[in-house]
Amino acid sequence: MIEARHLRVLRAVASTGSFSAAGRELGCTQPAVSQQMKALEASVGTPLLVRTGREMRLTQAGEALVRHAAGIIAGLTAAEEEVAAIAGLRAGRVRLVSFPSGSSTLVPTALAALRAAHPGTRVSLEEAEPPKSVELLREGDCDVALAFRYEGAAGAEEWADLVVRPLLTDRLVALVPEGHRLARTEGAVAIGELARESWIAGCPRCRGQLVEVCEGAGFTPRIDFATDDYPAVVGLVGAGLGVAVLPQLAVESVRPRGARTVTLEPAVRREIVALTLPDLAQVPAVTATLDELARAGARQPAAR
């Protein structure tokens, strides 16, 4: 019989590449990891790892088992949480992963409301941009992932295996220095009017979207600065070093000193969602977290 604890060890060994590194990740000793791997191989009746010197690789059977491990562990976690909640033993725990602008806007409001309504629920938070956050969810390393995708972008089927909870639609806006010729423009501005500007780009996914939108308007942006840090983007614009296009939610997460927002046409929007696995969607603590994130999304100015 395959035990869940052995699967967790196998996943750790597969991701880290060694028994010692897996032990550090799991908080146990290298001999303990080795012992549990031997027990798992005995249970399945075939080798799962090939050891060549200091390196270690999965056999075909090992690869198959790792592929199924995330779903098995998620299902067991869901069952444990639901039974515990029904039995009144504990309200549950939720591991949440969010992208930075969601962490500073949606998450605080949602978690404050969750704590008030369900004080026994424990929530942990890590930050990751999609698609990394979605990978963490599929690999069983979190229970809820905040993610986004741009309207009209290819790959709408990328979340087909997940439960998708829409939170809000976030429009992109231009950010220009206060002294810029367009800073006090009323109404929308065509992005082509910024074609000759120096550009400051954000995260890789947002950067790709910026280039796509600009090329659709007939020009390629000259990107002089690129940073994943939204306050840094705002600071560079405020210092007069260029212009940027940011999601409205990101602008709301910082104070744009020395910069002004300008509405863009054509409108570019991104859909912000909370994702979870089908099994985890049955867990009361996960359901409550999704509900509070949806309420927080509905209250955001970017959603109006």
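Student: Which element gives the most to the lining of the second largest cavity?
Tutor: In this predicted model, the second largest cavity has a volume of about 40 Å³, and its lining consists of Ile200, Ala201, Gly202, Cys206, Arg207, Leu210 and Val245. Two elements, β8 (198-201) and α7, each give two or more residues to that lining. With three residues, the element that gives the most is α7.

Student: How do the residues lining the second largest cavity divide into nonpolar, polar and charged?
Tutor: The lining includes Gly202 and Arg207, and Gly is counted as polar whereas Arg is counted as charged. The division is therefore five nonpolar, one polar and one charged.

Student: Which residues lie nearest the centre of the largest cavity?
Tutor: The count comes to two cavities of 30 Å³ or more, and about 130 Å³ of space lies in the largest of them. Its lining holds 15 residues, and those nearest the centre are Leu172, Leu210, Val213, Val245 and Val268.

Student: Which element gives the most residues to the lining of the largest cavity?
Tutor: Two or more lining residues come from each of α7 (204-216), β10 (244-247) and β11 (259-265). By class, the lining has 12 nonpolar residues, two polar and one charged. The element that gives the most, with four residues, is α7.

Student: Which element gives the largest share of the lining of the largest pocket?
Tutor: The largest pocket has a volume of about 520 Å³, and of its 27 lining residues the closest to the centre are Arg11, Ile73, Glu139, Gly140 and Asp141. The elements α1 (4-16), α2 (19-26), α4 (60-87), β3 (93-98) and α6 (132-138) each give two or more residues to the lining. The largest share, eight residues, comes from α4.

Student: How many residues in the lining of the largest pocket are charged?
Tutor: Sorted by class, this lining has 11 nonpolar and three polar residues. The number of charged residues is 13.

Key:
Residues are numbered from 1 along each chain as its sequence is written. This is a predicted model: local features need pLDDT of at least 70, side-chain atom pairs count only at pLDDT 80 or more; totals for chains, interfaces and linings use all residues. Side-chain values use heavy atoms; hydrogens and water are left out. On a 1 Å grid over the protein atoms alone, a cavity is a set of points where a 1.4 Å probe fits but cannot get out, and a pocket is an open set with protein on both sides within 12 Å along at least five of seven lines; lining residues have an atom within 4 Å of a point. Grid points are joined across faces, edges and corners, and a volume is the space filled by probe spheres set on the points.
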